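Thanks for coming. I will go through one model today, starting with its overall layout and ending with a few single residues.

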Amino acid sequence: MGRRRRARLWIRWALRDARRHRFQVLSIALLLALGVGMYAAMSSMSVWRVDSADASFAALRMHDLRVSLVEGSTVREGALRSALAGSVARGDVEAAAERLVVPTQVDASTSGRTIIVPGRIVGTPAGADVDSVEIRAGRAATGGRVALEHNFARHYDLPAGGRLTLAGGHRVRYSGQALAPEYFIVTAPGADFGAESAFAVVFAPLRTAQTLAREPGQVNQLVVRLRPGTDPAAVQAHLTRALKQALPDTGFTFTGRDQEPAHRLIYKDAEGDQEMLDIFAFLLLGAATFAAFNLISRTVEAQRREIGIGMALGVEPRALARRPFLLSAQIAIAGVALGIPVGLAADAWLAGVMDQFFPLPVVRASFQTDLYVQGAVLGVALPLLAAAVPVWRALRVTPIEAIRVGARAARSSGLAWLAKGVRLPGGSLANLPLRNVLRTPRRTLMTLLGIGAVVTIVIALAGVMDSFDDTLEASRQEALTGAPDRMTVDLMSPQRAGSDDIQRVAGARTVGAAQTSLRVASTLVAGPRRVDVALETISDRRPLWQPTFDGGTLPAERSGLVIARRAAEDLHVALGDRLTVVHPVPTGPRTFRLVHTALPVTGIHASPLRFIAYANAPAAAQLHLAGLINRISVVPAPGHDADDVKAELLRLPAVAAVQGAAATTDAVDTRMQQFNEILLITVAIAGAMALLIAFNATAINADERAREHATMFAHGVTVARVIRGAVAEGLIIGALGTAAGIAAGHGVLSWIVNENMPETMPDIGTLIAVAPLTYALAAAAGTIVVGAAPLLTLRKLSRTDVPATLRVVE
Amino acid sequence: MSTAQPHAAVSRPAASQVEPLIRVDGVGRRYRVGDNVVVALAGVSMEVRAEEFVVVLGPSGCGKTTLLNMIGALDSPSEGRVVVAGRDITRASRKELFEFRRHGVSFVFQTFNLFPALTALENAEFGADVAGRPDPGGVATEMLERVGLGDRLRHFPHELSGGEQQRVAIARALASGNPTLLADEPTGELDFRTGIQILELLHAQAHTGRAVVVVTHNREIARVADRVIELSSGRVVREGPPEGGQVEIAGLRW
């Protein structure tokens with residue numbers, strides 16, 4: 001036979017093998033495709049997000065430096081630009097604009113739905129060549145009209161244009177929805193995570209913003225875009241000197257582009273989320289390739305007898321290895337080829353998820369060939385390796401041993417001896433499943449590990465969701481302890497206790513009871529470590545609500561500071577240690593400056609949110625903030641609800657925000673929703689993989705045990721009874737795989753929560769939790785699916801040709 | 001090897017006084033292979049009574065295993081009737097056929113077909129279990145002792161020789177307590193010495209009231225039969241006592 005003819009024969013033979021086992025080949029290929037395709041797609045997300053973010057920030061010409069006056073301070077329009085013009089840094093500046101950015105309350109209620117949230121008006125001069133907005137729906141804001149931030153509008157499915165009511169009862173029309181680089185991820189003040197559902201940004205021409213804020217001719221921010229290659233630190237130093245000279249009584253802060261919450265979070269999230277997605281991508285790829293390895297290995301093992309015949313006929317081992325390798329190569333190629341459409345579909349889905357949660361002006365979600373090749377290499381290598389093992393096992397024995405499959409089957413009982421003394425009730429048939437599991441420990445282990453990997457994915461992924469839920473529930477409970485209807489009313493600026501505005505809020509018709517406090521954005525500093533917090537000073541009189549203490553307390557007589565456990569861990573402080581609090585103090589009616597005050601940590605509160613901190617009245621005095629109020633906790637009066645309170649208080653000009661006391665938690669909750677879809681679909685894919693693994697394992701089992709089954713049928717054992725045995729065997733392997741998967745899943749979950757999340761979500765002290773439903777899901781994926789898979793062989797078993805199966809001539 | 005003892009579950013009326021335990025009446029079996037029809041059996045009739053040791057003899061492909069499969073309800077004839085213990089199994093439902101296999105016949109296969117994960121005792125117990133006999137463990141132990149494997153109860157099949165494995169298979173068949181024992185080339189996988197031992201065991205079963213049908217191509221084995229039914233090309237070509245008269249097992253040579 002010529003070389004070419006011989007090659008054609010081997011290929012034809014391998015193709016026939018594939019056709020004969022087409023369902024197995026297809027399902028193993030599908031497993032590989034799911035693993036490789038999902039791996040490539042899930043691993044691509046950070047690349048897409050970074051590419052898209054880079055392009056989007058560039059497209060909207062985001063500022064490199066932002067100068068903000070201390071909260072509540074404003075200066076006359078032109079003062080900041082003058083300071084810049086007078087500094088030596090002016091030559092490094094490509095564009096600059098003065099803005100007025102003020103807090104507000106936004107009522108975007110539609111018919112039948114009340115939407116009242118805190119927000120911000122951003123007033124920018126027309127034609128500014130820095131911080132452009134992209135209109136996603138409707139038209140740009142001109143004249144007295146404004147534009148509504150797109151993430152918020154989309155969250156509530158608001159129309160492209162409509163009416164808004166802002167703090168002070170100002171009614172304005174918004175003509176469109178806009179995306180701005182500072183709000184690619186919307187964050188509420190003091191919170192370091194997305195809050196598009198709880199925070200509305202209104203973009204307005206500068207004049208309109210000044211009118212709405214009752215600050216005519218005033219500004220409080222300067223945004224600057226630098227020439228390429230300029231050192232922002234040097235510009236900041238020059239500008240600091242110039243501003244201190246021009247505005248000696250006004251405190252100001254610099255925020256670099258990298259420190260802007262949206263900019264920082266978008267890259268940090270991309271990196272952090274990717275770490276988590278990578279784990280799941282690896283788990284999916286691992287489970288898929290592992291299962292493929294196992295299944296191909298067993299499929300090739302079934303050719304052992306024919307390999308033996310070949311050996312007996314004097315065929316060279318190298319030639320004998322061709323057929324199994326060609327079969328596994330076909331599976332690998334089919335898997336990798338199918339992986340491309342799977343990957344493209346997953347790309348489209350994940351790009352959709354990305355666009356839903358992080359809409360950007362420019363989206364770049366291209367197929368990442370290099371990542372696909374990474375997965376594909378594993379997807380091709382493992383099937384070939386899977387073929388190598390049984391081929392090697394067949395070639396190392398004598399031809400006659402390889403041929404005598406029946407004798408080989410009875411050559412070893414594996415680990416069945418372990419169960420020799422174990423007698424399960426129900427006779428020898430009832431004992432068979434456990435024995436079969438032990439008889440072939442290698443196969444059992446491989447199937448078990450494949451199932452275990454799937455269960456690991458389910459536990460880890462669903463566990464992440466459960467942990468979020470538990471953490472947020474703990475936070476919600478802490479915020480609402482003793483007053484489930486509690487709401488917080490934030491004032492435009494701090495006021496003296498007992499002021500008319502405060503009296504108006506406390507005495508409002510819809511308000512039942514009130515409790516006052518001051519909340520200021522501060523930074524806790526311990527050596528080189530810093531944590532940004534919203535520090536709330538509360539008095540001894542706390543009729544509505546007070547924090548729960550996990551440790552220590554808030555003393556009545558001396559200064560005390562209560563921080564979150566996560567903050568204490570991050571700052572490396574314990575009860576009794578002193579912290580430096582960097583906080584604003586008023587220097588005039590509209591001006592503040594930042595000061596450093598040392599306070600002792602006297603308590604740890606129960607909220608998992610790191611950015612929440614409390615100080616008592618003596619501490620407030622030490623902070624020079626005694627007697628100042630900017631937050632009022634209220635509960636609705638009998639017969640009124642939260643919407644009534646919002647509607648009434650919104651009309652008060654001094655009120656900036658009215659929201660449920662757990663609004664921050666709800667905002668975090670919204671942020672977490674992005675993962676839910678990814679996690680749920682990944683869990684669904686894991687379930688599909690479990691089914692494919694189980695089906696294949698069962699189909700191969702049915703082939704391998706054909707004679708045993710025929711023997712049983714010859715003794716009058718019914719098909720149903722044989723299936724029951726296979727189900728029992730599947731349940732044992734499934735239960736063991738589930739147990740292993742649950743243990744591994746907890747390990748992965750623990751790593752994610754304890755190692756990964758502190759990096760990616762530093763503001764949340766996530767609690768590890770796995771809900772009963774998750775265990776049920778894992779049991780369903782790992783045990784029930786595997787246990788039920790033998791039912792798929794019912795038809796095949798019913799059609800067993802008993803005499804032909806029993807009379808295998810060897 | 002211990003001598004076979006009468007089995008409590010098997011009645012022992014004199015052979016001449018009873019109806020045939022197995023009656024095969026004009027049985028034919030055709031298979032379609034592609035466009036061709038292969039006739040495996042054609043108009044085969046035979047009877048086997050309790051306590052008879054009958055050998056079905058014939059070359060490879062003559063239809064002897066097909067005939068055994070008909071009697072054991074593993075296959076159904078294209079024509080004719082098979083009546084075992086008064087039950088027409090050719091008219092039985094699928095459920096009845098399963099029940100018949102549990103309580104009517106026991107098989108011994110050429111390649112043993114033991115369950116590798118079960119010990120010798122558990123394999124034998126399987127037969128008793130399936131047949132629904134009380135105290136299957138006790139029955140299995142007794143049967144293994146009878147076939148001389150009382151000291152190998154807890155051994156797995158791979159720890160036993162070929163002859164021992166076949167003895168376990170016989171013990172499994174006996175443990176069912178069924179009145180008909182069907183053996184398909186039971187010595188085919190064994191050396192002469194072991195084959196003789198197996199033959200002695202099977203032969204002894206006919207004296208416990210069972211009907212024993214052994215299928216073989218080995219003419220030497222046929223010499224110990226009470227009756228020989230010789231098949232060729234799917235037809236009975238001779239039926240009667242062994243040619244040259246029945247001999248003792250000890251006198252066999254192959």
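Two residues are in contact here if their C-beta atoms, placed from the backbone, lie within 7 Å. By that rule, residues 24 or more positions apart account for 85% of the contacts in chain A with a separation of 6 or more.

Some housekeeping. This is a predicted model, in which local features need pLDDT of at least 70 and side-chain atom pairs count only at pLDDT 80 or more, while totals for chains, interfaces and linings use all residues. Residues are numbered from 1 along each chain as its sequence is written, and chains are lettered from A and ligands numbered from 1 in the order in which they are written.

Chain A, then. The C-alpha trace of chain A spans about 100 × 60 × 55 Å along its principal axes. Chain A has 24 helices and 22 strands; both are DSSP runs numbered from the N terminus, helices being H or I with at least four residues and strands E with at least two. Of its 810 residues, 53% count as buried. On that term: a residue is buried if 20 or more other C-beta atoms lie within 10 Å of its own, exposed if 12 or fewer, and partly exposed in between, with C-beta atoms placed from the backbone.

Next, a helix pair inside chain A. Helix α2 (residues 22–59) of chain A packs against helix α9 (residues 317–357) of chain A at an angle of about 40°, with the axes 6 Å apart. Axes are lines fitted to C-alpha atoms, for helices over the stretch in contact, and angles run from 0 to 180 degrees between N-to-C directions. The pair α2(A) and α9(A) is therefore oblique; angles under 35 degrees count as roughly parallel, over 145 as roughly antiparallel, 65 to 115 as roughly perpendicular and the rest as oblique. The crossing of α2(A) and α9(A) is right-handed, a crossing being right-handed if the near helix is turned clockwise from the far one by less than a right angle, and left-handed if anticlockwise. The contact of α2(A) with α9(A) has 24 nonpolar, 6 polar and 2 charged residues. For those classes, Ala, Val, Leu, Ile, Met, Phe, Trp, Tyr, Cys and Pro count as nonpolar, Asp, Glu, Lys and Arg as charged, and the others, Gly among them, as polar.

Now the interface. How many residues of chain A are in contact with chain B? There are 29 of them, and they meet 30 residues of chain B. On the side of chain A, two or more residues each come from α12 (405–409), α13 (427–439), α20 (706–714) and α24 (802–806). The largest share, 8 residues, comes from α13(A). By class, this side of chain A divides into 10 nonpolar, 11 polar and 8 charged residues.

What does α13(A) pack against in chain B? Its partner is helix α3 (residues 120–131) of chain B, at an angle of about 130° and with the axes 7 Å apart. That angle makes α13(A) oblique to α3(B). G427(A), S428(A), L429(A) and N431(A) of α13(A) make the contact with E122(B), E125(B), F126(B) and D129(B) of α3(B). This contact has 2 nonpolar, 3 polar and 3 charged residues.

Staying in chain B, helix α1 (residues 64–71) is mostly covered, with 8 of its 8 residues buried. Just after α1(B), A73(B) takes a positive phi of about 65°.

Back to chain A for a kinked helix. Helix α22 (residues 772–788) of chain A has a kink of about 40° centred on A780(A); the bend at a residue is the angle between axes fitted to the seven residues ending there and the seven starting there. The buried residues of α22(A) include T783(A) and G787(A). Leaving out residues up to four places away in sequence, L731(A) touches T783(A) and G787(A). L731(A) lies in helix α21 (residues 719–760) of chain A and counts as partly exposed because it has 18 C-beta neighbours inside 10 Å.

Last, two loop residues with positive phi. D157(A) is not a glycine, yet its phi is about 55°. D157(A) sits in the loop between α4 (150–155) and β7 (162–166) of chain A, and with 8 C-beta neighbours inside 10 Å it counts as exposed. R214(A), also a residue other than glycine, has a positive phi near 55°. R214(A) is in the loop between α5 (206–212) and β10 (218–219) of chain A. Why does R214(A) count as exposed? Because R214(A) has 12 C-beta neighbours inside 10 Å.
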